[in-house]
Amino acid sequence: MNILEHTIVFMIAIPFLVASLMILTRPFPEIQKKLNVLVSIVLLILSVYLFSQVWQNGIIAYDIGDWGKYGIVLVADLLSASMVLLSSIITFLALLFSLDYIDDKSQNTTYHSLYNLLIAGLNGTFLTGDLFNLFVFFEILLIASCGLLIANEKVEITPSSHKMEAVYKYLILNIIATLFMLVAIASLYGTLGTLNMADMALRIGYMNENGTLPWHLIPTALLFIVVFGNKAAIFPLHFWLPDAHPTAPSPISAILSGILIKVGAYGFIRFYYLIFEGNLEIFQPIIIFLGLATIIIGSISAVGQDDIKKVLAYHSIGQIGYVFIGIGMGTVYALAAALIYLINHAISKSMLFLVSGCIVHKIGTRDMRKIGGLSSTEPFLGLMFLVGIMSISGLPPTSGFIAKFVLFDAGISGGFYIPILIAVIFSLFTLFSMFKSWQRIFWGEIKDNIFEKENIHQNSKTMLSSLVIMTVIIFVIGLYAEPLIAITLETAEQILDPQLYIDAIIPGEVR
Amino acid sequence: MDTFLLLTISILFGIGTFLILRRDIIKMIIGVVILCHSVHMMIVSVGAFDGIKAPIIESSKYPQPEYIFKDSISEGIFAPVVPESVSVIYMDPLVQALVLTAIVINLAITAFLLILAYRIYEEYGTMDADELRRLRG
């Protein structure tokens, strides 16, 4: 028996196991750190292996307990495998960063075990093929990220009261969203009699063919816009994000902004291209409209902020809108473009949050009005921040240029002129707000008072090395984008052909 | 589905929504819990048919039990959901398993929320949600 057959379940089981081990190893902080880094590397290698397997052999379905479609099924198609790979990269780099950044007391108590729970939640969300299981992993994600949001940095830049307030808003709004999800799941189950996503797609497809689709499935599908929209922080549901992301410690903001809001985009792709595949024309205008509104709100709000991490957080709202118009356009090319945009935003935004973490670590404040002239003392951070903002606002030769170019090209070739026009106009706002904050932090007169604080922390080599790795990824994608475009095109073709997914999970004779 | 069950669910949902819109944090948390309960009742009500026997879904591996329920997509029968014209003698046990999971998750979240409310009271000295405006996000 080949143990690598079980890679899919290892991606979820190993973090859960390690999370409990971390509680037992609390008296040995050094062992905890080393173990967590080791586990992250192992998960990264496993996710690369999983991706290569899916790339070569097609969709892998894994029955837990051999119950077939009646039990929990884990599925790795190209979309899930690439999302797992992305999340493994980001969580590994953020972990490297957090070793020297997070307060020792936080690290020794709960940080590492919650971090592994978060990884398990992410991998589970991307890999599960069962709707109720998706809900369970959403809740694991929610609780783990709430616990991590409260973790303290070494520099005390965010008072606990702010963290409590942010977590309270984040938790209440997300609980209401997950209750909506439960209602939607219950009504889907009551109509279709199954929780397996592939089986649901099969049955809804059958109902569509015969014209017997009950009308209440459409409002149910619209409820999922609330659920995933809340996760992704699209326009009317984004109010928790500008509070929660800046107050979190920087590596956690990197994960929240980089991966966690992408969970919403992933859910949209799964639902509207797999389960409600035949009814896409109802949702397409809604998704595009919400995406555009999100771009407008996020980009404009980012301009007026004084808090460095709040600029980045509002900016995340704007950027997720671009992913959503890509998803809404619904051609192979546009979907591939949305995926490229998603990957680019995950890497660049995580990098920007980590750089802002470095700045905060050194200076001890997040207020850009109190920072100035940093380029004389921190030229390296200035360079890293410049690379990040170039990538996020779409300047060549970085990955952001490829992402924006492909997205706009797909929109124009698909005939969506007005949405693309709006997106282009508001990407100028992005450029403006990002370069404005770069200029305010690194240029201008040197503010003397910033270095007078008692506890100046130096940025350690591990913190900077994770930045360097992200920069390398950004430039590699920017200069040699062909493999990424090929992979995303293949992924988009697989998404748009749900029959492949259904065939992999439900063999013909069981139907 | 029973009319009284439906009424109970909708009234609980209304109470929960009303309480979440209050200013007091504890009332909001109670509202979340009541909302959770109404949603749980809705999940259970999805599987409440007129019967007491569990539906056994056909399997090639195990000997055939007495009550067999078959998927028949061409007739519109999606096990264990059947058209209204077909009478059934079973109830759905899966929703009860689902609701157990949901209740456990709800327990964890309620515990977390209550701790959070206590910490907020320590930091802010008030239970008024309108006073939580230091972030101005």
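What share of the contacts in chain B with a separation of 6 or more comes from residues 24 or more positions apart? The share is 60%. Two residues are in contact if their C-beta atoms, placed from the backbone, lie within 7 Å.

Before you click further, note that this is a predicted model, in which local features need pLDDT of at least 70, side-chain atom pairs count only at pLDDT 80 or more, and totals for chains, interfaces and linings use all residues. Residues are numbered from 1 along each chain as its sequence is written, while chains are lettered from A and ligands numbered from 1 in the order in which they are written.

**Stop 1: chain B**

Select chain B. You will find 3 helices and 2 strands. Their order along the sequence is α-α-β-β-α. Helices (H or I, at least four residues) and strands (E, at least two) are DSSP runs, numbered from the N terminus. Of the 137 residues in chain B, 23% are buried. A residue is buried if 20 or more other C-beta atoms lie within 10 Å of its own, exposed if 12 or fewer, and partly exposed in between; these C-beta atoms are placed from the backbone.

An unreviewed UniProt entry annotates them as "transmembrane region". UniProt positions are given in the numbering used here, feature names are shortened, and annotations may be inferred rather than shown by experiment. Residues 6–21 of chain B are 94% helix and 0% strand, with end C-alpha atoms 23 Å apart. Residues 94–118 of chain B are 100% helix and 0% strand, and there the end C-alpha atoms are 37 Å apart.

**Stop 2: where B touches A**

Show both chains. Here 32 residues of chain B are in contact with 33 residues of chain A. On the chain B side, helix H2 (25–46) and helix H3 (94–124) are the elements that give two or more residues. H3(B) supplies the largest share, 13 residues. By class, the chain B side has 26 nonpolar, 3 polar and 3 charged residues. Ala, Val, Leu, Ile, Met, Phe, Trp, Tyr, Cys and Pro count as nonpolar, Asp, Glu, Lys and Arg as charged, and the others, Gly among them, as polar.

Next, pick A:Ala186. Look for this residue in helix H6 (residues 160–192) of chain A. Is A:Ala186 buried or exposed? A:Ala186 is buried, with 25 other C-beta atoms within 10 Å. Leaving aside neighbours within four places in sequence, A:Ala186 is in contact with B:Met42, B:Ile43 and B:Val46.

**Stop 3: H2 and H4 of chain A**

Select residues 29–57 and 104–127 of chain A. These are helices H2 and H4, packed at an angle of about 20° with axes 10 Å apart. Axes are lines fitted to C-alpha atoms, for helices over the stretch in contact, and angles run from 0 to 180 degrees between N-to-C directions. H2(A) is therefore roughly parallel to H4(A). Angles under 35 degrees count as roughly parallel, over 145 as roughly antiparallel, 65 to 115 as roughly perpendicular and the rest as oblique. Among the residues making the contact are A:Asn36 and A:Leu43 of H2(A), and A:His112 and A:Tyr115 of H4(A). The contact has 4 nonpolar, 5 polar and 1 charged residues.

Move to A:Arg26, in the loop between helix H1 (7–24) and H2 of chain A. A:Arg26 is partly exposed, with 14 other C-beta atoms within 10 Å. A:Ser113 is 87 residues from A:Arg26 along the chain, yet their C-alpha atoms are separated by 9.6 Å.

**Stop 4: further along chain A**

An unreviewed UniProt entry lists them as "domain: NADH:quinone oxidoreductase/Mrp antiporter transmembrane". This stretch is 79% helix and 0% strand, and its end C-alpha atoms are 36 Å apart.

Zoom to helices H11 (residues 280–303) and H12 (residues 308–329) of chain A, which pack at about 160° with axes 7 Å apart. So H11(A) is roughly antiparallel to H12(A). Their contact has 15 nonpolar, 10 polar and no charged residues.

Finish at helices H15 (residues 399–414) and H17 (residues 461–479) of chain A, where the angle is about 45° and the axes are 6 Å apart. That makes H15(A) oblique to H17(A). Show A:Ser399, A:Phe401 and A:Ile402 in H15(A), which meet A:Ile474, A:Ile477 and A:Gly478 in H17(A). The contact divides into 4 nonpolar, 2 polar and no charged residues.
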